Amino acid sequence: MTGSATAPEFVTVGEGTSVLRSDAVVEGPIKWLDSPADVIAFMESGEAQESIVLSRGGTTTFMAPALSMGVKGLITLQGAPTSHLGILSREFGIPCIMSVTFTEGVKTDRGEIIPADGTIVRLDTSGERGRVLAAAPEAGN
Amino acid sequence: MSNDTAPLSALLERYRTVYEPGSAGDEQVRGLLRSGVTDLRADRLLEAALTDEELNDLIAYCGWNVWDMLGKRATEGESGLIPRQEYETIAGVEQYSSYPALFELITDAVGAEGVIEMGAVARREIGTKVNLLHAWCCCMPMLSGRGFGLGLDLIKPGDRREELARAFQFSRRLYRGMWGEDGQMFATGRSYNAPLLAGTEWLDRFHDERVELDDERKSFYTSFNATTQLLAFLLHMDCRLGLSDSGPYLMPDGRVLIVRDHFLHDPAYSWFEISSDLPHAVTQALYFSPPEGMTFTVNDLSTTFTDPPEYLPYLSAVAVYARDRWDTPVEQIRKLDEAELEKITKLSRTKTMELYKTFGSMSREELVDYGVQMYVVDMVLPFLRLAGVTERAISELDLYGRSPLTRQAYDHLMDPATAAEVLPRVLIGGCGFVPATGEDPLSPALIPTV
């Protein structure tokens with residue numbers, strides 16, 4: 001994912017609550033997971049460990065394979081750091097931002113705005129308010 | 001003050017928009033109680049039932065306590081795998097219906113003193129579900145379930161008043177045995193401290209058998225902790241019944257110890273067959289070397305919270321044990337070496353994926369059935385087993401069945417929109433925690449509408 005000659009420019013596309021505070025930069029292609037079948041297929045695709053996954057709810061079990069097999073980062077549209085998923089992401093040391101509201105992207109079946117699959121996103125969990133940044137389209141990927 | 005149409009944000013900030021979270025809220029709410037029911041005075045524990053005043057006080061305190069524990073978590077949103085809000089609400093109604101009789105069965109078998117003695121197991125053993133969380137579960141879900149029944153207009157506040165007044169004595173006795181002393185019933189009234197094993201030989205054994213961690217070992221042990229914890233969550237249908245912390249224990253060398261159980265197998269549930277080659281429980285003695293000012297607390301759900309929240313970087317030593325089956329004698333609890341820990345970690349990872357696929361292929365109704373079973377059975381099972389009355393609970397009281405009230409509530413609560421509306425209204429707004437008779441001790445704070 002680092003093939004371009006110039007570093008891509010990142011802009012904030014969503015904000016939520018950081019679960020695990022860290023200055024480390026976490027970056028990767030995002031994948032929206034909407035059903036257990038999605039989760040299983042993606043985990044078996046071999047791409048999971050390099051990806052940042054996005055789910056709707058803040059419960060643990062839906063994301064269990066992602067936690068167990070390891071992903072670069074987690075984003076949820078709902079939930080709070082004291083929820084089970086928040087607790088488990090901390091136990092696994094996986095950066096996680098919860099209850100993110102996105103301002104740019106595509107619409108889910110339910111009308112929520114999310115980044116399109118494959119968009120390179122960066123998680124900023126250095127503060128209590130976590131930020132999701134996306135590579136500007138013109139930067140190329 | 002009129003707060004009957006308070007916004008959700010205000011209800012999350014303070015219980016009924018008035019009462020604070022944490023120890024300040026505990027003090028506020030207890031200050032309004034009239035009976036001292038949350039104080040486990042020995043002279044009141046052997047009475048058959050609570051008085052009306054005590055019952056109302058306990059209901060009022062529990063409303064705040066549930067909000068303090070779960071209020072903010074009730075907003076965690078939907079699960080794409082397990083319909084948790086649906087099964088939690090249905091199970092609550094069943095617990096309101098069935099637990100009083102189950103508690104009577106246990107008390108008839110062992111006596112009131114015997115119930116206190118059961119609670120004391122938490123101060124002697126590790127790898128046991130006789131723990132802080134399960135004591136709380138013998139009290140709170142009955143009231144949540146009552147709240148769901150009220151929220152659906154299926155019951156009236158005064159219904160089952162006498163049964164509840166007796167049932168809560170069971171809970172109070174368990175707590176008295178668990179703490180081993182007079183004082184406040186809930187961890188919320190004890191500054192969120194639950195060092196249940198303090199003063200026992202367990203602490204010496206943990207100290208003698210601990211492994212000091214370098215970076216590589218720390219990664220190995222934190223992976224074990226996270227992987228087994230995840231499987232425990234999944235096996236227990238995304239609820240905390242498979243986990244339990246006690247502590248914090250302050251060590252003479254300045255370290256902080258948390259003792260953590262993860263429950264990985266139990267023959268009581270059909271889907272646990274998948275983990276039959278794992279121990280019933282693994283117990284970790286986790287030693288932390290925190291920076292100055294860092295705080296550790298353990299709440300009524302046997303859950304550790306720290307401030308700041310990142311605590312694993314400070315893990316400095318560990319000892320891990322296994323209880324192979326639920327009835328393995330405490331003397332046979334054994335220390336696990338690193339080869340076995342690695343095997344358990346790998347197996348837990350595999351089992352998690354297998355179980356996920358199983359759950360992913362099940363219908364919503366089947367998953368709700370598993371979830372209800374987990375709540376209703378598991379929250380009382382440790383005590384049924386100790387009293388030797390599990391079979392009677394199944395055959396005489398239909399432990400795995402559903403009461404008429406639960407069947408009546410089922411269709412309402414299987415509607416995700418209804419479950420999602422009722423659960424926060426009861427748990428966040430506290431609207432289900434109204435007195436059985438007479439005045440609400442928490443007046444003048446009005447009961448709001450979410």
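1. Helices here are DSSP runs of H or I with at least four residues, and strands are E runs of at least two, numbered from the N terminus. On that basis chain A of this predicted model reads β-β-α-β-α-β-α-β-β-β-β-β from the N terminus on. That makes three helices and nine strands.

2. How compact is chain A for a protein of its length? Its radius of gyration is 14 Å, and the globule rule gives 14 Å for 141 residues, so chain A is as compact as a globular protein of that length. Along the principal axes, its C-alpha trace spans about 40 × 30 × 30 Å.

3. Of its 141 residues, 52% are buried. Take the contacts in chain A with a separation of 6 or more: 56% of them link residues 24 or more positions apart.

4. Confidence comes next. Chain B has an average pLDDT of 93, and 96% of its residues score at least 70. For the complex, the predictor reports an ipTM of 0.88 and a pTM of 0.93. One caution applies to the remainder: where pLDDT is low, the predicted coordinates should not be read in detail.

5. Now the interface. Contacts join 31 residues of chain A to 28 residues of chain B. Which elements of chain B give two or more residues to the side that touches chain A? They are α10 (215–235) and α11 (338–360). The largest share comes from α10(B), with seven residues. By residue class, this side of chain B holds ten nonpolar, nine polar and nine charged residues.

6. Helix α7(B) is worth a check on geometry. Its twelve residues should span 16 Å at 1.5 Å a residue, and its end C-alpha atoms are 16 Å apart, which agrees.

7. Is α7(B) mostly covered or mostly open? It is mostly covered, with twelve of its twelve residues buried. Among the buried residues are B:Met140, B:Pro141, B:Met142 and B:Leu143, and also B:Phe148 and B:Leu150. The glycines B:Gly145, B:Gly147, B:Gly149 and B:Gly151 are buried too. B:Arg146, a residue with a charged side chain, is likewise buried. After the helix comes B:Asp153, with a positive phi near 60°.

8. Two cis peptide bonds deserve a look. One joins B:Gly247 and B:Pro248, with omega about -5°. B:Pro248 sits in strand β2 (residues 243–250) of chain B. Another joins B:Asp307 and B:Pro308, with omega about 0°. B:Pro308 is in the loop between β6 (304–307) and β7 (315–323) of chain B.

9. Positive phi turns up at B:Arg160, at about 60°, although this residue is not a glycine. Where does B:Arg160 lie? It is in the loop between α7 (140–151) and α8 (161–179) of chain B. B:Arg160 is partly exposed, with 18 other C-beta atoms within 10 Å; the cut-off for buried is 20 or more.

10. B:Ser302 is another non-glycine with positive phi, about 55°. This serine lies in the loop between β5 (295–298) and β6 of chain B. Is B:Ser302 buried or exposed? It has 25 other C-beta atoms within 10 Å, and is therefore buried.

Note on methods
Residues numbered from 1 in each chain as written. Chains lettered and ligands numbered in written order. Predicted model: local features only at pLDDT ≥ 70, side-chain atom pairs only at ≥ 80, totals over all residues. Rg over C-alpha atoms; globule rule 2.2 N^0.38 Å. Contact = placed C-beta atoms within 7 Å. pLDDT = per-residue confidence, 0-100. Expected span 1.5 Å × (residues − 1).
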